[in-house]
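Hi everyone, thanks for coming. Please have a look at the next slide, and then I'll walk you through what we can say about it.

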Amino acid sequence: MAAIPFQRELRFEYGVVEQVAPLIRRVIARNPGPFTLHGTGTYIIGHGEVAVIDPGPALPEHVDALVDALRGETITHILVTHTHRDHSPACQLLQQVCTAPSYAFGPHGSGRANSITGQAQQQMGLEEGGDQTFQPDHLVRDGEIIQGAGWSMECVYTPGHTSNHMSYQLRDSKTLFSGDHVMGWSTSEIVPPDGDMGRYLASLEKLLARDDAVYWPTHGPAIHDPKPLVQAFIQHRQAREQQILDCLRQGLQHIEPMLPHMYPDLPERMYPAAARSTLAALIHLQQLGKVCCTDGAQLTGRYELL
């Protein structure tokens with residue numbers, strides 16, 4: 001499988017405001033981990049009257065750093081890419097000290113298009129990362145324009161990582177804030193039932209048809225040549241699906257025995273995440289009519305080729 005051209009974060013400091021472009025500042029939350037890299041990057045757009053993109057996890061010290069950075073300025077908009085607990089919970093804390101309304105596609109699960117039952121969802125424990133409390137003040141849709149003082153944002157609906165994932169393009173500079181849809185250090189985690197591999201791949205194809213010049217993801221460095229990376233992500237997922245089909249041809253009909261074949265260099269402690277990604281790919285293969293599951297799409301299901 002070809003290597004994906006990830007990019008490297010050259011420097012960062014927690015709680016420090018970094019000017020990364022003329023209209024863009026970033027503050028990184030202290031929530032590093034295997035799915036957040038160094039932590040959540042919260043973006044400040046504009047000067048004087050500003051927007052905040054992805055306020056981050058519910059860490060008071062992170063919100064304090066944002067507020068300190070913006071003394072003498074006014075937050076007029078809070079834009080949320082999606083409702084995972086490292087992205088949206090700090091919105092509530094931030095709105096305790098400012099009057100800015102929040103903007104997002106909708107609450108967690110609001111764009112869901114798949115049909116996994118609530119019982120299966122509970123058995124798999126797949127919604128533990130969702131922020132179930134976030135309710136945006138304003139719902140936004142694909143192509144909608146949000147105007148601020150000296151800046152203008154286009155809403156770009158990119159479901160897949162979550163059903164409500166919205167990216168935002170700073171229009172003058174063609175800068176896309178890609179949330180977790182496209183990151184410069186890792187592929188996005190797709191976790192059913194809210195994550196959907198088919199929609200994720202369609203959203204990547206959608207980005208290939210756009211003219212964005214640079215991406216700023218919520219985790220990791222800027223992506224200055226985005227299209228080759230987006231294409232590599234598509235090819236990576238297609239290769240994973242081919243691996244699954246090969247495993248099924250070899251008689252491996254459950255996810256657990258597939259993992260050592262598909263991820264030979266992955267530490268076993270990461271197998272649960274790999275299993276969820278494999279489930280997402282199997283659901284997509286079912287949608288394509290290539291695979292069936294005799295006992296319902298779930299982590300312990302038995303899968304067969306069609």
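**A quick tour of the chain**

What you see here has seven helices and 14 strands, and please keep in mind that this is a predicted model. Along its principal axes, the C-alpha trace spans about 65 × 40 × 35 Å.

Now let's look inside. How many cavities of 30 Å³ or more are there? The count comes to three. I'd like to stop at the second largest cavity, which holds about 40 Å³ of space. Around it you'll find Met-197, Arg-237, Arg-240, Ile-244, Met-262, Tyr-263, Ser-277, Thr-278 and Ala-281. Two helices each give at least two residues to this lining: helix 5, which runs 226–249, and helix 7, which runs 271–287. Sorted by class, the lining has five nonpolar, two polar and two charged residues.

Next, the rings. Searching the whole structure turns up three aromatic pairs. Which residues do ring pairs link into a cluster? They are Tyr-43, Phe-177 and Trp-216. There is one more ring to point out, that of Phe-105: the charged end of Arg-141 sits over it, 4.1 Å from the ring centre.

That's my tour, and I'm happy to go back to any of these spots with you.

Methods
Residues are numbered from 1 along each chain as its sequence is written. This is a predicted model: local features need pLDDT of at least 70, side-chain atom pairs count only at pLDDT 80 or more; totals for chains, interfaces and linings use all residues. Side-chain values use heavy atoms; hydrogens and water are left out. On a 1 Å grid over the protein atoms alone, a cavity is a set of points where a 1.4 Å probe fits but cannot get out, and a pocket is an open set with protein on both sides within 12 Å along at least five of seven lines; lining residues have an atom within 4 Å of a point. Grid points are joined across faces, edges and corners, and a volume is the space filled by probe spheres set on the points. Helices (H or I, at least four residues) and strands (E, at least two) are DSSP runs, numbered from the N terminus. Ala, Val, Leu, Ile, Met, Phe, Trp, Tyr, Cys and Pro count as nonpolar, Asp, Glu, Lys and Arg as charged, and the others, Gly among them, as polar. Rings of Phe, Tyr and Trp (its six-membered ring) pair if their centres lie within 6.5 Å; planes under 30 degrees apart count as stacked, over 60 as edge-to-face and the rest as tilted. A charge sits over a ring if NZ of Lys or CZ of Arg is within 6 Å of the ring centre and within 35 degrees of the ring normal.
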